[in-house]
Amino acid sequence: MTAKRHSASENRRGEAPVVTPKGKSPGKDRQGGALSMTTIYKEVWFDASHRLLHYEGKCNNLHGHRWRVEVWLAGEPDPETGILVDFNIVREVIERFDHQVILNREDPMIRCLQKFQPVVKTEGDPSSEVLAGEIRRLLDRECHLGGNGARVTRIRVWESETCCAGQTYESE
């Protein structure tokens, strides 16, 4: 018995591959089942200063970092474009912190600094852990306002090459 040879345009069962116009997501896999969730990853860097008001040590002083944020988002891509979230949206949200002073909203330094520039205020000291939560909330809100169901599933905020805080979020 001779094995059947398939052309490049056929799969092993002899069916033509799923082809969608202009990059549209078919919404189903080749067997007709629903596609699984799509995940995207984006890394963004920003420069900002902060201080930890309730910390005893050097980090109680205003100082700066070259922060690195890694974020994973998941959901179902837009059926028209096949895009989950525009990477530029992720970058723009995170870059709201670029060249800013980030302080605990209770910090008495805010009053003085606001005479010269805006201050980003956080609930609690702006540690890597707190910034991870703040950025996650901003990204989730932006996705919700943008009308897609994407959400942050994981985030890491690095304040140096060797120190980061990460958070992972289960389905809510």
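The tour starts with how the model is to be read.

This is a predicted model, in which local features need pLDDT of at least 70, side-chain atom pairs count only at pLDDT 80 or more, and totals for chains, interfaces and linings use all residues. Residues are numbered from 1 along each chain as its sequence is written, and side-chain values use heavy atoms, with hydrogens and water left out.

Select the strands (E, at least two residues; helices are H or I, at least four; both are DSSP runs numbered from the N terminus). Six strands make an open sheet of mixed pairing, in the order S4-S3-S1-S2-S5-S6; strands pair if DSSP finds at least two bridges between them. S4 and S6 are the edge strands, each pairing on one side only.

Go to S5 and S6, which pair in the antiparallel sense over six bridges. Ile155 has Gln167 of S6 as its bridge partner.

Next, select H3, which packs on the sheet and touches S2, S3, S4, S5 and S6; contact means heavy atoms within 4.5 Å. After H3 comes Gly147, with a positive phi near 85 degrees.

Finally, show Asp140 in H3. Asp140 is buried, at a relative accessible area of 19%; buried means under 20%, exposed over 50% and partly exposed in between, with a 1.4 Å probe and protein chains only. Leaving aside neighbours within four places in sequence, Asp140 contacts Arg151 and Val152.

Methods
Axes are lines fitted to C-alpha atoms, for helices over the stretch in contact, and angles run from 0 to 180 degrees between N-to-C directions.
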